[in-house]
Amino acid sequence: MTATMPEARALPAPARGGLDLRAPDAGPRFDPRVLRSRWVQVAAGDAEAEARAAEHGVDFAAAGGRVWETDAHVYLPVTATRRDGDRVVHEQVVLALSPDVVVTAQPQRHYPVFDKAIARMRRTPWLIRSSYGVAYALLYALNEAADRVVALASDLLEDMSDEIDEATRGVDARGREIGVRDMQDTITRMNRAEEIVSRAQESQLSLARAARHLRSEIADSDPVLAGLVETLVADVDGVKQHAGFEHDKVRYLQQAIMTSLDVKQAQIVKVFTIITAVFLPPTLIASFYGMNFTHMPELDRPYGFTLTVLLTLVAAVIPLAYIKRRGWLR
């Protein structure tokens with residue numbers, strides 16, 4: 001007789017801070033209507049969106065582009081840095097955050113950077129349950145955009161690596177000496193890379209400040225989201241450090257190129273100085289014998305011309321020998 005096995009029961013997954021990330025059905029599915037109730041986008045000149053923001057008590061004009069707290073909202077300005085093809089765009093984005101809704105003042109209605117935020121919320125639908133989760137996704141997207149800008153500056157430097165190496169060596173691949181004019185284009189592009197990483201560092205400072213304010217708003221109300229924001233703060237700092245590294249590299253390469261060009265110019269000046277020193281005594285002798293004197297004894301001697309030429313050569317060799325002995329020809 002076969003014993004009947006009891007029916008296996010699934011054990012409930014333990015809850016972690018009110019949310020089990022291992023259970024895909026634990027949170028709500030992504031619903032655009034819910035997202036629109038949590039996030040109001042206000043583009044420049046969009047009167048309808050401004051009216052919706054006013055219904056929530058948001059006044060960006062009163063905030064004045066600074067971190068500002070009221071009874072209902074905290075205004076978090078961020079200098080957004082993003083790529084637009086090969087161009088880098090710097091724009092101001094302001095988040096007005098409250099427990100119920102987050103309102104963003106952005107340059108245009110469809111802001112490309114926030115596409116990544118929407119994708120993040122689609123992958124993690126429970127973020128749209130609160131305005132804080134939406135704000136986290138927006139700041140996450142702004143940080144990713146800044147990271148791509150820093151990567152662009154790094155690529156620019158990598159593309160110039162051969163030119164920079166030639167500049168530091170002083171000659172190109174064909175063995176031709178490199179001058180200031182040959183490096184003008186490289187120096188211009190390097191200055192652009194420096195400007196990009198400098199603006200990215202500025203962007204990360206405002207982004208880090210906004211992320212810290214968001215972390216303080218969440219506090220202990222949602223430990224899982226607070227952990228994500230903590231990771232975001234670290235990621236923002238990581239991008240800032242990357243930008244700082246690229247900035248230091250740009251400054252080092254700029255200094256190396258300018259030092260190499262200065263050495264090249266100093267060598268040119270040294271050559272002309274040596275030529276002047278060598279030919280100065282012969283020029284003095286030639287000037288002396290070019291004077292209109294009535295009587296010059298050397299003209300009556302059979303070897304007067306030969307002696308004058310030898311004297312001129314000796315006068316030229318003496319400073320040349322001195323310069324060589326001092327090592328100034330190296």
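## Close-up views of a predicted model

**View A. Helix α5 passes helix α8 in a left-handed crossing.** The structure shown is a predicted model. Helix α5 spans residues 131–159 and helix α8 spans residues 223–289. Their axes come within 10 Å and cross at roughly 20 degrees. Angles under 35 degrees count as roughly parallel, so α5 and α8 are roughly parallel to each other. The residues of this contact divide into 16 nonpolar, four polar and four charged.

**View B. W39 and F114 form an edge-to-face aromatic pair.** The count for the model comes to five aromatic pairs. In this one, the rings lie 5.6 Å centre to centre, with 80 degrees between the planes. W39 lies in strand β1 (residues 39–43), and F114 lies in helix α4 (residues 114–123). The pair therefore ties together parts that are 75 residues apart in sequence. W39 counts as buried, at 5% relative accessibility. F114 also counts as buried, at 2%. W39, Y111 and F114 form one aromatic cluster.

**View C. Y136 and Y140 form a tilted pair.** The ring centres are 6.2 Å apart and the planes stand at 35 degrees. Y136 and Y140 are four residues apart in helix α5, so about one helical turn separates them. Y136 counts as buried at 4% relative accessibility. Y140 counts as buried at 14%.

**View D. The charged end of R120 sits over the ring of Y140.** The charged end of R120 is 4.4 Å from the centre of that ring. Y140 is also a partner of Y136 in the tilted pair.

Terms used: Residues numbered from 1 in each chain as written. Predicted model: local features only at pLDDT ≥ 70, side-chain atom pairs only at ≥ 80, totals over all residues. Heavy atoms only, no water. Axes fitted to C-alpha atoms, helices over the stretch in contact; angles between N-to-C directions. Helix = DSSP H or I, 4+ residues; strand = E, 2+ residues; numbered from the N terminus. Parallel < 35°, antiparallel > 145°, perpendicular 65-115°, else oblique. Left-handed = near helix turned anticlockwise from the far one by under 90°. Nonpolar A, V, L, I, M, F, W, Y, C, P; charged D, E, K, R; others polar. Phe/Tyr/Trp six-rings, centres within 6.5 Å; stacked < 30°, edge-to-face > 60°. Buried < 20%, exposed > 50% of the residue type's maximum accessible area, 1.4 Å probe, protein only. Lys NZ or Arg CZ within 6 Å of the ring centre and 35° of its normal.
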